[in-house]
Amino acid sequence: MVFTGMLAPKRINFVKKKLARLKQAKDEAEKEVAQFRAQMEVDFKKKLSESSGDSGANVKRLEKETDTKIQNLKTEANKISQAVIQLLLKYVTTVKN
């Protein structure tokens with residue numbers, strides 16, 4: 001019994017030290033997670049700002065391409081409009097038996 005009584009304080013001391021180490025490890029892990037989250041947030045905001053800048057350039061590029069295509073269509077329509085008008089007049093004015 002005396003021997004068991006001597007081990008109890010050592011065992012309690014061991015458990016306290018182990019709990020302290022576990023708490024320290026938990027705190028360190030939480031700190032690392034917080035740093036990782038902060039870094040990921042910074043990276044996300046950076047990519048978001050980069051892509052936002054690109055979208056403005058993309059909009060301008062698409063507007064320019066659209067304007068060019070519209071102008072090409074107008075030019076082609078002007079080229080064949082007289083032929084279409086003549087064809088329509090021919091069908092309207094021609095009498096079939």
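Mentor: Asp 27 forms a salt bridge with Lys 23, and their closest N and O atoms lie 3.3 Å apart; a salt bridge here is a side-chain nitrogen of Lys or Arg within 4 Å of a carboxyl oxygen of Asp or Glu. This is a predicted model, in which local features need pLDDT of at least 70 and side-chain atom pairs count only at pLDDT 80 or more, while totals for chains, interfaces and linings use all residues. Residues are numbered from 1 along each chain as its sequence is written, and side-chain values use heavy atoms, with hydrogens and water left out.

Both partners, Asp 27 and Lys 23, belong to helix 1 and are four residues apart, about one turn of the helix. Helices (H or I, at least four residues) are DSSP runs, numbered from the N terminus. Asp 27 counts as partly exposed because its relative accessibility is 37%, whereas Lys 23, at 54%, counts as exposed. Buried means under 20% relative accessible area, exposed over 50%, and partly exposed in between (1.4 Å probe, protein chains only).

The structure holds five salt bridges. Among them, Glu 30 pairs with Lys 26 at 4.0 Å, N to O, and these two residues of helix 1 are likewise four residues apart. Glu 30 is partly exposed, at 44%. Glu 41 and Lys 45 also meet in a salt bridge, at 3.9 Å, N to O, and both lie in helix 1, about one turn apart. Glu 41 is partly exposed, with 40% relative accessible area.
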